Amino acid sequence: MKTRAKSALLAAAAAVALALPATAEVGVTDTEITIGLFGPLSGPLIAYGIDPLNAAKMVYDDVNAKGGIHGRKIKLVIEDDKCQGSELVAVVKKLVTVDKVFIAHGGSCTAAIAAAQEYVQREKVPYVMLNAAGDNAVFPPTRYMFGSFQGTQRVYGAALAEFAMRELKAKRVAIIVHDDDYGKANLAAGKSVVERMGGQVVAQERIPLSINDITAPVLNMRAAKPDVILSGAYPAPAVLLAQKYGEFGMTAIPLLQSTQGIPTPSVFAKNVGNPAALKNFYHPWSFNDIADEAVRKQWSDMYKKHFPGREAGPFMVTGLPSALSVVDTLQRMGRDLTREKFVDAMEKLDLKTPLMPYALQFGPGRRDALRGVYVVKFDGTTQKVMPGVYSWNGKDGM
Amino acid sequence: MTLVLQGVASGIVTGCVYALVALSLVIVYKSTDVVNFAGGELVMLGGYFGLFFLIYADLAYPIMFVLVPVAIFVAGALFDRITLAKVSGRTFVKHVDLVPLVVATIGLSYLLKGGVRVVPYTEEVRRLPPIFTGPPLFFDDIVLQVQDIAIIGVTTLIMVALWVFFRFTLLGKALRATSQNARAAALVGIPVKTMRMAVWGLSASIAGIAGVMLAPKLLMTPDMGSVVMLAFAAAIIGGFSSLPGCVVGGIMLGIVQNLVGIFLSPQAIAVTPFFVIMLVLLLRPQGLFGETIALKKV
Amino acid sequence: MHGSPPLRHLLPLGLLIAAGFVLPQFLPEYFLYIANTLMVYLILAIGLDILLGWSGQFAFAHIAFYGIGIYGTALLNMRLGVPFVLGMPLAAAAAAAIGFLIAIPATRLRAVYLALATFAFAECAQWVYRTWDSVTKGPDGLRISAPDIFGYVVGTDKRALPVIAIILALVLAATLYLGRSKLGRSLCAIRDSEHVAAASGIDVKRTKVIAFTISAFYAGVAGGTYTLFQSFIHPDGLGVWTLVLVLSMIVVGGSGTLPGVVLGVVLLGLLPEALRAAPRGLLVWQEFAYGLILTLAIMFMPRGIWGLFNRRTRARRKPALSVEAPAPARALQHQSP
C-alpha cells in the first residue's frame, strides 16, 4: 500500500513537472551548460583530433575548476566523428536530439562539417568548429556555423604567397596542392595574391592524396623555373616533396609548406632526413607559442597536468582558440543563455589572447575567426618566426 | 627530354616497389587461387616491425632485415593456419568457394590496419631509415638515390630466387604440385596443409621485405597498404600467374604513372592503375605473360 | 516456389510502412536518421546480394552505381528541376544502363579478375566524382536541396522516413517477387554451377548481364533515396570503405537470404552507434574490432548469422532462394575425399 501511494505521488509530481513550460534553454540548467565536443578520435585523421580535442576539454575543465561561468559548470558530451560526413552528422543529431546540448563544438575536417551545415541551420543550433580550416563551411557564411580559428586554407595560401612576394621578392611562383577542397582553396587564394602583387604562377600541380611517387610534379615545377614553391601537401607527400626537391638539387628555391603537412615539424625533419633540403624552408603558424616560450610553456604544462599519460604534439594548441572563444562568449553573455543570444554574442567576438597573433573575430557577414598568421623559417632543428604577420584580405581566392 | 628520362628512371624504381608487393600476391594466388587483399597491410606491418626492431629494440640493420621477414612469415603462416584453414574447410576441395577466403583477407587487412593504428606512435607519418644512405648518384642529368638502386637490386634478386625456387627445388615443386592438384599431391605424400601455410608464410615474408625496402620511399602510415592496388595492377599487366610478369608489369606501371603525370596531369596519376586494370582485363585478361585462364569457359 | 510470395511474407512490409508513419511522431531525430541510413543501406545491400549471394558474381562496382543514383537524382532535381519521382527512376535507370555496359565485358572474366576489374571501375568512378567538379563540385562536395514529392517537401529525417519506408517496402516486395521468378531461380542456378545451368538451357551470359543490371538499378535507387534525407554528398563517401561495409553486412548477416541481409544491415549499421558508448580510450579500437568481427564471422559463420540459426538452411546447406542442383552435378563440384 505504501509503495503504491509513493509511486502514485511520484507519477503525479512527474506529470506536473512535464506540464510546466520549460523555462530554460535546451542544454542549460541553473547549474550546468551542456556542450557537445567531438572530433576524429579514431581512423586515419586521428592525429588532427585527439590532442586538439583534449586541449579544448582542458580549457573547459580549467574553467570549471575556477568556479564555472556565472555559476554554471560546463558539462561535456564527447563523441568521435572519424572525420567522415556521415558520422559527423549522426554525432551532431545525437548530441542535439538525444543529449540535448546547448551548442555543438567540434570537427577537424571541413568536408565532414559541411555535411552537417544544413541541419544546424535548420534546427538553429550554434555550431563552433574545433580546429578545421573550414573554408567550404564558412564561405558563404551561414548564421549558426562558426569556425576557422586557426585560419582558413585561403589564409594559409594567401599568407605564404604574400610572404613570398613581399619578403622573398619572388616573381615566378610554383604552387603544388592536393586535388581536395583544401587544395582548391589554398591554390585559389595563393594564385590571386601572386597575380595581384605582380607575379606569375608558372606551375600549378594538383596531386592526388594517395600519391607515392612525386617525381612528375616536381619535375614539372623544376622545368618551370620558379623563384619560390608554395605547397599545400599533407604529411606524407610533404615529406616526399621535400626529399625529391632536395634530391633534384632545387634547394636554392625557397619551399613554403602549409601547416597541414607538418603537424609536428621535428618529426617532419626526421622523416625528410636531409638537412640540406630544409635550407630554405618556411611554414605558416597561427600561434604565438613558437615566438613566445612563456606562452608555449603555459599551455604545454597545463596539458601535461590534465593528461599525464599522453605526449602532446605541437598541433595540440589548435584546439585552444575555439574553446577559448566559446568560454569568452559565454562569459560575456552573463546568466541569460539562449541559443540565439549565443549566436549574437559569438558574432561580436573580438578576442585578443597571448596565444594568437591576431584577434579572433567574427562579424555580421563573417564566420571565419582568424585571418592573419606568422611565417616561420624551419631548418630542421630550430624554428625562427619571421617578422610581421601575413594576412588574407577577405577577397583573394573568393 | 631529361624530364622524360628522369620520369622513366624514377618510374623504374617505384615500379620495382610495386613489383615486390605483386610478387607476394602472385605467389599466393598461384598456389591457392586466393587473392590476398591484405597484401598491402602485410607490407605495412613489415615496415612497422622494421621500425620497431630498429628504433625501439635498437637492433642493427642487418639483424632487422632478417628478423622482419621471419616475423611476417610467422604472421602469414598463422593467418593461414588459423583463419583460412577454417574458412576453406576441407583441404582437398578444388572448387572451393573463393568469396569467403577473399572476405577473410579483407577482414585481416582491417584487423592489421586497425591494430597498428591503436599505437599512438603511428599517428604521425614515420620514415624507416634506408639501408644505404649517401649522396645521390648522377647519371648525366638523371638523379637516383643509392636506396633506389638497392630496391631494383633486391627486387631482381628476389624474383630470380623465387623463379629458381619454384622451378628447381623440391619444396618449390611440391608447392606447385599442391596448387595444381591437391588430392594428387596428398596422395604422393606431400603435406598439403603445411604446404599451404608455407606458401602464405613465404608470400607474407616477401611483403614484409617489401615493407622494409619501401618504407623509406613511401613513408609509413597505417594506410600505406593502399599500395596494394598498384601491386594488383602490376600483377595484372604482367599476368597474374607469372613472376617475371610482376616485375615487368610493375616497372611498366611505374613508368606510365610518371609519364601520365608529366604529359597529362598529376591529378590523373591516381586513376592510372585502375584505368590500366580495366583496360588490360578488357583487351588481354591474361596480361603479358600469364596463362589464358582469366576467361571463363561458359 | 512459383508465383507471388505468400501473404505472410508481404505482411511485414505493411508493418514497415506503418512504422514509417508512426515512428517519426515520437522518436528523436537521431534515431530517425539512423533508421533512414539503415534503410538506404538495406536497398544497397540487397542489390549487392543479388549479384554476390544469388548469382555468385564477386563484383565490386556497386558503389559506383550508388554514386550515379545520388548525383543523378540530386543534379536532376537542382539543375534541371526534375522532380524526385521522375529523377530517381531516371538516375537508377542510368546506373542500370552503365551496369549493363560494364557487365558485357566483365562477365567474361573469372571470379578474381571480375572482382579486380569491377573494383577498378569503382575507383575510376570515384575519381570522376572527385575530378569532374563542374558537375559534382568535386572535393568541395555537393549540397543537396530537399526534394519534394507532389508538394510534400522532404529533407528532414522526420519527413523523409515514411517515404523511405514506402520505397523500401516496394523494393522488398520486388525482391520477393524476383526471388520466386524464373529469373531469380536462374540466377541461383548459375551460382551453384554454370555448367549445369547452361546444360539446363539457361543463357548464362545473358542472365549474368541481367543480374548486373538489376543490381546496379538497386544501387541507383538507394542513391536516389539518399537524397531524401541527406543534405550533402562527398566523393570520399563513395569509396572502398563503404563498399566493404556493405559487403560485410551481407557476409555477416547471411548472403543469399533476405532475412540474412536485413540482419546484417541492422547489426553492422548499428554497430558504430553502439560503440559510441565505449570509453573514450577504447574508441581507437573500432577499426580493429570491425576487422575482427568480419574475420570471425567468415570463419565461424560462413552462411552468416541467419545461416547459423535457420534450421532450414542448416539442413539443406543452401539458402532458401536457391535451386537444388541435381546429384551428379553435386559430385562434380565437391570432390569428396
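What follows is a list of selections and what you will find at each one.

Before you start: this is a predicted model, where local features need pLDDT of at least 70 and side-chain atom pairs count only at pLDDT 80 or more, while totals for chains, interfaces and linings use all residues. Residues are numbered from 1 along each chain as its sequence is written, chains are lettered from A and ligands numbered from 1 in the order in which they are written, and side-chain values use heavy atoms, with hydrogens and water left out.

**Stop 1: Arg367(A)**

Select Arg367(A), in the loop between β12 (360–361) and β13 (372–378) of chain A. Helices here are DSSP runs of H or I with at least four residues, strands are runs of E with at least two, and both are numbered from the N terminus. Arg367(A) has 3% relative accessibility, so it counts as buried. The scale runs like this: buried is under 20% relative accessible area, exposed is over 50%, and partly exposed is in between (1.4 Å probe, protein chains only).

A salt bridge means a side-chain nitrogen of Lys or Arg within 4 Å of a carboxyl oxygen of Asp or Glu.

Then show Asp135(A): its C-alpha is 9.8 Å from that of Arg367(A), although 232 residues separate them along the chain.

**Stop 2**

Pick Asp368(A) and Arg371(A), with their closest N and O atoms 2.9 Å apart; Asp368(A) and Arg371(A) are both buried.

Next, take Asp213(A) and Lys244(A), a salt bridge at 4.0 Å, N to O. Asp213(A) sits in the loop between β7 (200–207) and α8 (215–223), and Lys244(A) in helix α9 (residues 235–247), 31 residues away in chain A. At 7% relative accessibility Asp213(A) is buried, and Lys244(A), at 8%, is buried too.

To see a network that involves two chains, select Lys82(A), Glu87(A), Glu273(C) and Arg276(C), which salt bridges link together.

**Stop 3: Thr318(A)**

Go to the loop between α11 (293–306) and α12 (320–333) of chain A and click Thr318(A). Is Thr318(A) buried or exposed? Its relative accessible area is 0%, so Thr318(A) is buried. Its side chain makes a polar contact of 3.1 Å with that of Asn131(A). A polar contact is a pair of N or O atoms within 3.5 Å; within protein, one must be able to donate a hydrogen and the other to accept it, and residues adjacent in sequence count only if both atoms are side-chain atoms.

**Stop 4: Gly253(C)**

Over in chain C, Gly253(C) lies in helix α11 (residues 240–253) and is buried at 0% relative accessibility. Select Leu16(C) as well: 237 residues away in sequence, with 20 Å between the C-alpha atoms.

**Stop 5: Phe73(B)**

Finish on chain B with Phe73(B), in helix α3 (residues 61–88). At 34% relative accessibility, Phe73(B) counts as partly exposed.
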